Amino acid sequence: MTNKSTTDERRPISIDRETIQQKIYNALRPGQRQMADWTGGALAVSAVPGAGKSKGMADAAALAIAHHQLHQRNYLIVVTFTRSAAANLKVKIQQTLQELRLPQIGFFSYTLHGLALNIASRHPELSGLNLENSTLITPNKSHRLLRTAVERWLIAHPRQYQKLLQGQQFDGEETERLRRQSVLRTEVLPELAYTVIHEAKSSGLRPADLRQLAAEIPGDHYEILSIAAGLYEEYDTLLRSLDLIGYDDMILAAKRVLENDAARRIWQQQVFAVFEDEAQDSTPLQTELLEILASDSHSDPLSRNRDCPENPPNLIRVGDSNQAINSTFTPADPIYFRRFCSECEAQGKLAKMDRAGRSTQKIIDCANFMLEWVNQYCAEKSAQNHSATEIPFSPLEIKPVAADDPQPDANPAPTGGGVEIYTPEDIYQTIELIGQRIVSLFSQAKDKSAAILVRENRQGDFIAKVLRNPKTYGALGINVDLAKHDIEIYEVAEGDRLSHIPVEILALLKFVHRPHSADYLKNALRVLVDRRIIPTQDINTLASSPEQFLYPGPLVPPQTPRVRQVRQFCLNLLQARTELPSYQLISFLALELGYNQAELATADKLAERVTKQTYQDNSLSAQIEVLNEIVSDENFEAVDPLPDRGESPYTKKGRLTIITMHKAKGLDWDYVFLPFLHENMIPGGLRVLPQKKFLGDFSLAEVARAQIRAQLHGVPVPDVMDAWKQAENLKISEEFRLLYVAMTRAKRLLWMSAAVNAPFTWSKPEGLSPQKPCPVIPALCEKFGYGA
């Protein structure tokens with residue numbers, strides 16, 4: 001056991017071991033008991049879906065508090081990925097302490113960023129963060145700071161910019177030059193900046209580190225990491241000048257605090273141990289922060305203490321690398337948790353929570369088969385391509401719980417066949433089959449929960465529209481009417497779309513205010529395409545010359561009917577500015593965007609707030625300034641389209657929830673429907689959009705991410721094309737893990753389908769064509785059969 005111990009100031013707590021065993025220990029499963037038996041040092045816990053890791057961690061934390069008599073000056077830190085999960089763990093630990101008749105003290109529950117903020121705010125002189133005058137931001141790829149950093153980089157680095165404009169080849173034609181400028185300034189470079197800054201900061205890398213890494217990569221014509229380093233520098237300079245900080249900056253600031261000997265000893269003497277949940281989603285820097293806190297105050301902060309058996313950190317990390325589904329859009333990477341598990345296993349410190357009571361046996365068999373099949377499939381593909389690719393899954397099989405398990409209704413009886421797989425003729429027949437099955441299931445048991453899990457929000461939006469408007473789609477085979485059966489549809493993304501309303505309204509108002517700005521026109525067109533108000537097309541070409549697009553002269557070639565349709569819509573918006581008072585423009589734009597009732601209510605709330613804040617100056621420029629503040633501060637709360645009281649809106653009984661696979665992680669339902677399982681979506685692959693192909697058949701952002709990760713993994717840094725292949729392999733592995741997560745949300749019925757005819761892209765759901773099923777679907781059909 002490590003030397004970390006309680007202080008002499010501790011308050012004695014009397015614990016009855018027999019009570020602990022009777023009330024807690026005996027109710028735990030084997031894997032959970034290994035956590036409860038922990039007395040110190042490093043412990044890795046690999047847990048399958050539905051294994052009860054949150055309960056196991058909460059009970060283990062309560063037992064540790066009891067055994068070691070922890071209190072407010074010597075305590076346990078519990079960290080997890082989201083605020084809701086941290087709050088849930090806190091409640092569970094408090095409940096267990098209450099059962100033991102112990103004070104609800106001796107621990108703190110945080111998100112990783114919340115913990116970092118707490119450390120940094122206590123030592124502002126060391127962290128370098130003035131939190132009283134700083135504003136926390138969460139920039140996306142289109143954030144104004146990133147766009148400003150790009151513009152500043154363009155001015156400072158004309159040589160590299162010209163290389164990008166030249167691309168693979170360029171004939172000097174002016175229209176094409178303008179189009180490429182638009183793509184680089186508004187898409188390629190902001191995406192590169194966003195990806196690399198997030199990836200580098202989360203790994204503790206500075207711009208100088210990226211430049212050094214760039215110098216080691218041969219044959220990179222564009223000098224991608226050198227460009228990224230310049231963007232990173234410009235972005236950081238902007239942050240400091242405006243007193244802004246990001247979430248990654250808080251982790252770096254906390255690490256700066258703990259690099260100070262005196263501050264580090266203070267924290268290490270207070271923190272008895274660290275328990276981390278969802279460890280597969282941690283970044284290297286976050287892991288380093290936790291290891292420092294969990295180490296003895298006399299140890300070397302720069303050493304990896306778990307490699308030293310005599311003095312390991314008091315650290316329990318719980319996770320499932322098979323459920324790592326964030327690594328293609330965050331710096332999280334399952335390789336780090338896998339390595340931690342391997343290191344702990346070598347020292348006999350690996351616990352496996354492989355028994356789960358969530359699902360019926362047929363669903364467990366289906367998930368286990370899928371895991372094994374995909375690993376074999378990817379290994380064969382790797383051999384064919386003569387590449388060394390890590391398999392997507394760790395070989396951890398889900399097992400049912402014991403017959404005397406205390407979980408109510410553990411491994412429930414299946415509904416129907418437990419697993420049902422269909423290949424409908426098209427997407428409309430798919431939705432009709434789902435609707436009919438839902439009506440049948442809820443007519444038998446309205447006290448059950450059901451969800452449709454989709455790969456992307458556009459699929460969910462389409463399903464919701466069809467199910468809510470059966471008469472509109474009757475000619476396409478939709479007959480089921482859920483409303484007639486009092487079945488409520490809850491589309492989760494509808495609430496997410498409401499939060500985007502200020503951004504959309506701002507984009508259109510900026511265009512109306514300055515229609516000759518190429519950037520403002522492009523942003524407005526992007527909103528109209530995303531809202532399906534205008535047909536999908538190359539908006540970069542349209543935006544490259546706003547005057548020619550809006551007011552074409554006699555020498556300009558005739559516009560196509562689709563372009564004329566877009567132009568007329570834009571002219572209608574400009575006409576409204578001259579005919580309507582400025583305070584009515586927001587409501588007008590909301591109607592033009594085809595907002596539904598909840599969206600219109602949110603737009604009205606937004607218009608009311610803007611009007612109040614501009615009562616002294618109600619000009620359009622004043623409205624835009626207020627909207628800019630609202631969007632930048634992210635402090636506008638949309639109107640809740642479906643308020644709930646007490647019960648989780650996602651898993652409410654008797655309701656059909658439509659939710660993405662990503663958002664479904666951590667949840668479960670009695671009946672789960674997985675439609676549209678096609679190869680172009682899962683596993684899909686990385687695709688270079690046509691407007692970016694002048695740079696080559698790769699994405700600058702993905703290449704940079706793969707090169708940074710190779711350096712962090714301690715393997716040779718690949719050249720551009722090898723990095724692109726590695727990025728694609730990462731994407732394919734993660735898509736299969738996402739499917740595994742989706743399948744393991746089901747308790748009684750798992751319904752899957754791949755329609756024969758489906759859209760290639762869900763921006764055009766009406767464009768049906770034959771699509772191949774996800775590769776694992778035929779194998780599942782052969783193993784488990786079709787239908788019920």
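Which residue forms a salt bridge with arginine 748, and how far apart are the closest N and O atoms? The partner is aspartate 670, with the closest N and O atoms 2.9 Å apart. A salt bridge here is a side-chain nitrogen of Lys or Arg within 4 Å of a carboxyl oxygen of Asp or Glu.

This is a predicted model, in which local features need pLDDT of at least 70, side-chain atom pairs count only at pLDDT 80 or more, and totals for chains, interfaces and linings use all residues. Residues are numbered from 1 along each chain as its sequence is written, and side-chain values use heavy atoms, with hydrogens and water left out.

**Salt bridges**

- The whole structure holds 50 salt bridges.
- Arginine 748 lies in strand E16 (residues 746–753) and aspartate 670 in strand E15 (residues 669–674), so their bridge ties together parts that are 78 residues apart in sequence. Helices (H or I, at least four residues) and strands (E, at least two) are DSSP runs, numbered from the N terminus.
- Arginine 748 is buried, at 14% relative accessible area. Aspartate 670 is buried too, at 5%. Buried means under 20% relative accessible area, exposed means over 50%, and partly exposed lies in between (1.4 Å probe, protein chains only).
- Shared partners join Arg358, Asp409, Asp668, Asp670, Lys747 and Arg748 into one salt-bridge network.
- Lysine 465 bridges to aspartate 461, with the closest N and O atoms 3.7 Å apart. Both sit in helix H18 (residues 457–468), four residues apart, so about one helical turn separates them. Lysine 465 is partly exposed at 38%, while aspartate 461 is buried at 14%.
- Glutamate 608 bridges to lysine 612, with the closest N and O atoms 3.5 Å apart. This pair is also four residues apart, in helix H26 (residues 597–613), and is separated by about one helical turn. Glutamate 608 is partly exposed at 47%; lysine 612 is exposed at 57%.
- An α-helix has 3.6 residues a turn, so residues three or four places apart point the same way.

**Aromatic pairs and charges over rings**

- A search of the whole structure gives 17 aromatic pairs. Rings of Phe, Tyr and Trp (its six-membered ring) pair if their centres lie within 6.5 Å; planes under 30 degrees apart count as stacked, over 60 as edge-to-face and the rest as tilted.
- Tyrosine 490 and tyrosine 650 form a stacked pair, 6.2 Å centre to centre with 20° between the planes. Tyrosine 490 is in strand E13 (residues 488–491) and tyrosine 650 in the loop between helix H27 (620–633) and strand E14 (655–660), so the pair ties together parts that are 160 residues apart in sequence.
- Tyrosine 490 is buried at 12% relative accessibility. Tyrosine 650 is partly exposed at 23%.
- The charged end of arginine 655 sits over the ring of tyrosine 490, 4.8 Å from its centre. For this, NZ of Lys or CZ of Arg must be within 6 Å of the ring centre and within 35 degrees of the ring normal.
- Arginine 317 places its charged end over the ring of phenylalanine 340, 5.0 Å from the ring centre.
- One aromatic cluster consists of Tyr428, Phe462, Tyr473, Phe676 and Trp762.

**Nonpolar cores**

- The largest nonpolar core has 114 residues; Phe275, Leu453, Leu674, Leu750 and Met752 touch the most other members. A nonpolar core is a set of buried Ala, Val, Leu, Ile, Met, Phe, Trp, Tyr and Cys residues joined through side-chain atoms within 4.5 Å.
- Another core, of 49 residues, lies apart from the largest one and includes Val150, Trp153, Tyr235 and Ala704.
- Leaving aside neighbours within four places in sequence, methionine 752 is in contact (heavy atoms within 4.5 Å) with Cys366, Val419, Glu420, Ile421, Tyr422, Leu674, Leu677, Met743 and Leu780.

**Helices H20 and H21**

- Helix H20 (residues 501–513) is largely enclosed by the rest of the structure, because 10 of its 13 residues are buried. Among them are Ile501, Pro502, Glu504 and Phe511.
- Helix H21 (residues 518–530) has 13 residues, and its buried residues include Asp519 and Lys522.
- The buried residues of H21 pack against H20, helix H7 (144–156), helix H9 (174–201), helix H22 (539–544), helix H23 (546–550) and helix H24 (561–579).
- Just after H21, arginine 532 takes a positive phi of about 60°.

Methods:
Expected span 1.5 Å × (residues − 1).
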